[in-house]
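Keep the structure open as you read.

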Amino acid sequence: MEKAILHHNDILEMLDGLLREPKLFWEGFYEDRDKEIPFFKAEGPDENLAVYVQNGLQPGRTLEIGCGPGRNAIFLAKNGAKVDAIDLSEKAIIWAAERANKSQADINFGCISLFDFNFEPHTYDFIYDSGMFHHLPPHRRLTYLEIIKAALKPGGKFGLVCFNTDGALPTPDWEVYRLRSLKGGIGYTEDRLKAIFKDDFNFLEFRKMKKILQPSDLFGEDFLWTCLMEIK
Ligand SMILES: C[S@@+](CC[C@H](N)C(=O)[O-])C[C@H]1O[C@@H](n2cnc3c(N)ncnc32)[C@H](O)[C@@H]1O
């Protein structure tokens with residue numbers, strides 16, 4: 001029998017049901033490590049993240065969400081952060097843990113969805129998301145924002161890397177549900193992205209990621225926005 005809608009979370013789950021099942025999708029995505037996916041080839045951190053640290057960001061207690069094969073978590077741990085790194089996909093976490101072992105980086109990995117993640121409120125100095133947010137359906141953005149706000153310490157920082165409109169189609173929110181598809185992720189304009197975060201965060205930096213040719217110690221693609229924010 002179908003579940004009744006008794007709580008707000010039931011509405012979110014009903015809307016989830018209109019779209020592809022994320023865990024199944026991401027496990028399939030990581031099936032073949034030799035695929036031509038830009039961030040499969042690169043092992044280095046995002047170029048913007050390296051700049052933040054160079055410019056004095058002290059990540060401290062850090063949470064990486066949607067950490068994938070661990071490039072950024074490893075970099076942050078190597079730069080003195082105490083890192084919790086989570087991802088929905090077991091295959092991604094296994095890959096990340098292998099890389100972390102090889103680099104002798106001490107990271108607390110968790111295979112769990114952000115939406116099921118239990119954390120001590122206001123624990124993190126820094127939260128980082130490289131490439132997860134643009135894969136979320138619009139109805140999950142509000143919960144996403146609530147979680148980030150509840151997990152950050154006062155004055156905490158939030159780094160986000162997400163598709164610009166060269167990275168994916170700028171599908172409007174309502175269209176996602178009419179089409180029953182995220183079409184491989186949402187490409188955000190600057191205005192659309194800032195409208196989501198501007199009430200709760202100050203933007204410290206907002207720019208396109210620099211394209212970095214591989215092989216390199218850094219990762220960079222110019223179809224992505226990079227943003228560094230501070231909670232208000
Ligand atoms: C484009 S990949 C980016 C991976 C990694 N951050 C990188 O840049 O190398 C997006 C990641 O988000 C993860 N993801 C998607 N939805 C998630 C959720 N609700 N909770 C945790 N991780 C999620 C996927 O499994 C995938 O590893």
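Which residue follows α5, and what is its phi? Gly80 follows α5, and its phi is positive, near 90°. Before going further, note that this is a predicted model, in which local features need pLDDT of at least 70, side-chain atom pairs count only at pLDDT 80 or more, and totals for chains, interfaces and linings use all residues. Residues are numbered from 1 along each chain as its sequence is written, and side-chain values use heavy atoms, with hydrogens and water left out.

Helix α5 covers residues 71-78. Seven of its eight residues are buried, so the helix is largely enclosed by the rest of the structure. Those buried residues are Arg71, Asn72, Ala73, Ile74, Phe75, Leu76 and Ala77. Buried means under 20% relative accessible area, exposed over 50%, and partly exposed in between (1.4 Å probe, protein chains only). Helices (H or I, at least four residues) and strands (E, at least two) are DSSP runs, numbered from the N terminus.

Now look at the loops. Gln104 sits between α6 (90-103) and β3 (107-111). Its phi is positive, about 55°, although Gln104 is not a glycine. Gln104 is exposed, at 71% relative accessible area. His122 lies in the loop between β3 and β4 (124-130). His122 also is not a glycine, yet has a positive phi of about 55°. With 46% relative accessibility, His122 counts as partly exposed. Further along, the loop between β6 (201-208) and β7 (224-231) holds Pro215. The peptide bond joining Gln214 and Pro215 is cis, with omega about 0°.

Step back to the whole chain. It has nine helices and seven strands. The radius of gyration is 17 Å, which agrees with the value near 17 Å for a compact globule of 232 residues. This radius is taken over C-alpha atoms, and the globule rule is 2.2 Å times the number of residues to the power 0.38. Along its principal axes, the C-alpha trace spans about 50 × 40 × 35 Å. Buried residues make up 50% of the 232. Of the contacts (heavy atoms within 4.5 Å) between residues at least 6 apart in sequence, 70% join residues at least 24 apart.

Last, the record. An unreviewed UniProt entry lists residues 63-156 as "domain: Methyltransferase". UniProt positions are given in the numbering used here, feature names are shortened, and annotations may be inferred rather than shown by experiment. The span is 38% helix and 28% strand, and its end C-alpha atoms lie 11 Å apart.
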